Amino acid sequence: GDTGGKVTAASVSQAEREDGAGGAEDEGLASSKGTKTGEDCASGIARLLASFEAGGAKAGALSELKALFLQLSRTSGSAEATPCVPASDDALAQVFGLILEEDTSLADASLYFRFLLQGKVASLDRSPSQTFTGVMRSAAEGHPRVFTEMMSKALVALPSLNAAQVELLRKVAGVKELARFNQALLLEAAGVPDWSEQHVLAMQCAAQACSAAEEQTVAKVCTKLAEQSKAFSSSLHFAKLVAIMAQKFPKESGRHKAKLLEALELNTTFLSKTAKRKVSAL
């Protein structure tokens, strides 16, 4: 369930400890001759994913897939070195359908997210398919904490965030189970050194889908908006984001009215006047 603490690469290490590197089941699944190499793991994973895609996965296939991911995790080391596991959208739909039917732990969920979804989302460069969007929404509903830590936050922090990734975020951010976690996206995006127009759009998604935000979160966002005012002086989306912050979090934003007005000072779009009125009324 989603009742644990913060999900990080340590969650995967926890899964490894729980399963035991010398566990008979994992050893039997991993190799009858000893530890599998990275290439052996990749070959086994590809075979299993192909069987899932074809709808012919046998009983125990998910356990075998997990064992291979655990072995690959030991082989690849840190989360930053996670290899991208190629998986079709149909295969992902089958795998995550089974994962979400089970009472999957935080550690196990983080393992599947790490190897099956992170790389695919990071390399997404075209509009996400209906199937993949469905997988992501289901994953967010089933494990909102893991999803926020390993997917959403990683996504908005990408320096080269693109339109396809923002489209995916927009389609997923509204999942009701994510509402209380979306504040983390605002904080994450506020920490990105140099925003692009896509980061502004991602911030709009996060703010609109956020159920509530603490004053310190709103303060960081308002400060960031003021800092970015010159870079987005001709951005309609930027002016809209300021208006959203004022409208969605009036109490918290009201304490930082000066920063929001500073953010709009150089904005030349027609929407800046409307945004200024909203901020001035706080």
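Me: Why is Lys 276 called partly exposed?

Reply: Lys 276 has a relative accessibility of 30%. Buried means under 20% relative accessible area, exposed means over 50%, and partly exposed lies in between (1.4 Å probe, protein chains only). The value of 30% therefore places Lys 276 in the partly exposed class. The structure is a predicted model, in which local features need pLDDT of at least 70, side-chain atom pairs count only at pLDDT 80 or more, and totals for chains, interfaces and linings use all residues. Residues are numbered from 1 along each chain as its sequence is written, and side-chain values use heavy atoms, with hydrogens and water left out.

Me: In which helix is Lys 276 found?

Reply: Lys 276 belongs to helix α16, residues 271–280. Helices are DSSP runs (H or I, at least four residues), numbered from the N terminus.

Me: What makes Asp 89 and Lys 120 a salt bridge?

Reply: A salt bridge is a side-chain nitrogen of Lys or Arg within 4 Å of a carboxyl oxygen of Asp or Glu. The closest N and O atoms of Asp 89 and Lys 120 are 3.2 Å apart, and the pair forms a salt bridge. Asp 89 lies in helix α5 (residues 89–101) and Lys 120 in helix α6 (residues 106–122), so the pair ties together parts that are 31 residues apart in sequence. Asp 89 counts as partly exposed at 21% relative accessibility, and Lys 120 counts as partly exposed at 23%.

Me: How do you know that Lys 171 and Glu 167 are separated by about one helical turn?

Reply: The two residues are 4 residues apart in helix α9 (residues 163–173), which means a separation of about one helical turn. Lys 171 also forms a salt bridge with Glu 167, with the closest N and O atoms 2.8 Å apart. With a relative accessible area of 28%, Lys 171 is partly exposed.

Me: What do the side chains of Arg 255 and Glu 215 form where they meet?

Reply: These side chains meet in a salt bridge, at 3.1 Å from N to O. Arg 255 lies in the loop between α14 (250–254) and α15 (257–264), while Glu 215 lies in helix α12 (residues 215–227), so the pair ties together parts that are 40 residues apart in sequence. Arg 255 counts as partly exposed at 48% relative accessibility, as does Glu 215 at 33%.

Me: How many salt bridges does a search of the whole structure find?

Reply: The search finds 8 salt bridges.
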